[in-house]
Amino acid sequence: MMNLNHKEWEQKMDNINWKEMLEDVEAALMDNLAAEIGFPTYDRLLQSSELISGRYHLTYLSDGRFAWWNPDTYATGEDPCFFSNKEEMVAYIASVIQLNQEQQEKLRFNLQSFQQMKRCETCDHEYNPKDPIRYEWDGDKDNQAYCSFECAVESVLKEEKDF
Ligand SMILES: [Zn+2]
């Protein structure tokens, strides 16, 4: 019976855009990951993070913690890890990606130059205050408390309303 409909079935399957569908699911999943770490979108998270090894990243959050994450392991159900203690973090990372003593030293050293995020006063999201995209609207660095032009505008509007 199935064989009779085989051709039809195949045609039906061909009409579904699997690639697009999977891409949508993947994009939603990655935005979820970003939200767990405090960012509005995956792109923002990616631009605010340092690639460590493979697809493992570190993000230096506004509250002083580091987030350790990987889009591939997240897709298989592994949550991002958060560390407030640098030594514990280096030991953990060393065990996950197999770092020898010298590589651990290098990681410790590199951590010192990581850009720390700030938290937007309007939307509460994490953002990179040194993100080059900010120069388009915050070239004078007058709006360092906000993640975006929209959030800076919203704060002004709110102030006017309160006044
Ligand atoms: Zn914001």
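Why are Glu-105 and Arg-108 separated by about one helical turn? I noted that the two residues are three apart in helix α6, and therefore about one helical turn lies between them. Helices here are DSSP runs of H or I with at least four residues and strands are runs of E with at least two, numbered from the N terminus.

**Basis of the entries**

I worked on a predicted model, in which local features need pLDDT of at least 70 and side-chain atom pairs count only at pLDDT 80 or more, while totals for chains, interfaces and linings use all residues. Residues are numbered from 1 along each chain as its sequence is written, and side-chain values use heavy atoms, with hydrogens and water left out.

**Entry 1: salt bridges**

I looked up the salt bridges, each defined as a side-chain nitrogen of Lys or Arg within 4 Å of a carboxyl oxygen of Asp or Glu. By this rule I found eight salt bridges. In general, side chains of opposite charge can pair when their charged atoms come close.

I began with Glu-105 and Arg-108, whose side chains form a salt bridge at 2.8 Å, N to O. For accessibility I used relative accessible area (buried under 20%, exposed over 50%, partly exposed in between; 1.4 Å probe, protein chains only). Glu-105 is partly exposed at 48%, and Arg-108 is partly exposed at 23%. I then noted that Glu-87, Glu-105 and Arg-108 belong to one network, joined by salt bridges that share partners.

I next examined Asp-72 and Arg-55, which meet in a salt bridge of 2.5 Å, N to O. This pair links distant parts of the chain, 17 residues apart: Asp-72 is in helix α4 (residues 71–75), and Arg-55 is in the loop between β1 (50–53) and β2 (56–60). Asp-72 is partly exposed at 38%, and Arg-55 is partly exposed at 39%.

I located Asp-131 in the loop between β6 and α7. The side chain of Asp-131 forms a salt bridge with that of Arg-44 at 3.1 Å, N to O. The two residues are 87 apart in the chain, with Arg-44 in helix α3 (residues 42–47) and Asp-131 between β6 (126–127) and α7 (135–138). Arg-44 is partly exposed at 26%, whereas Asp-131 is buried at 8%. I also listed contacts, meaning heavy atoms within 4.5 Å. Leaving aside neighbours within four places in sequence, Asp-131 is in contact with Arg-44 and Gln-47.

I found Arg-134 in the loop between β6 and α7, and Arg-134 is buried at 3%. Not counting residues up to four places away in sequence, Arg-134 touches Tyr-127, Asn-128, Pro-129, Gly-139, Asn-143, Gln-144, Tyr-146 and Cys-147. I recorded a C-alpha to C-alpha distance of 16 Å between Arg-134 and Glu-154, which are 20 residues apart in sequence.

**Entry 2: helices α5 and α6**

I turned to α5 (residues 86–97) and α6 (residues 101–111), whose axes come within 10 Å and cross at roughly 135°. Axes are lines fitted to C-alpha atoms, for helices over the stretch in contact, and angles run from 0 to 180 degrees between N-to-C directions. The two helices are therefore oblique to each other; angles under 35 degrees count as roughly parallel, over 145 as roughly antiparallel, 65 to 115 as roughly perpendicular and the rest as oblique.

I identified the contact residues as Lys-86, Glu-87, Met-89, Val-90, Ile-93 and Ala-94 of α5, with Gln-104, Leu-107, Arg-108 and Leu-111 of α6.
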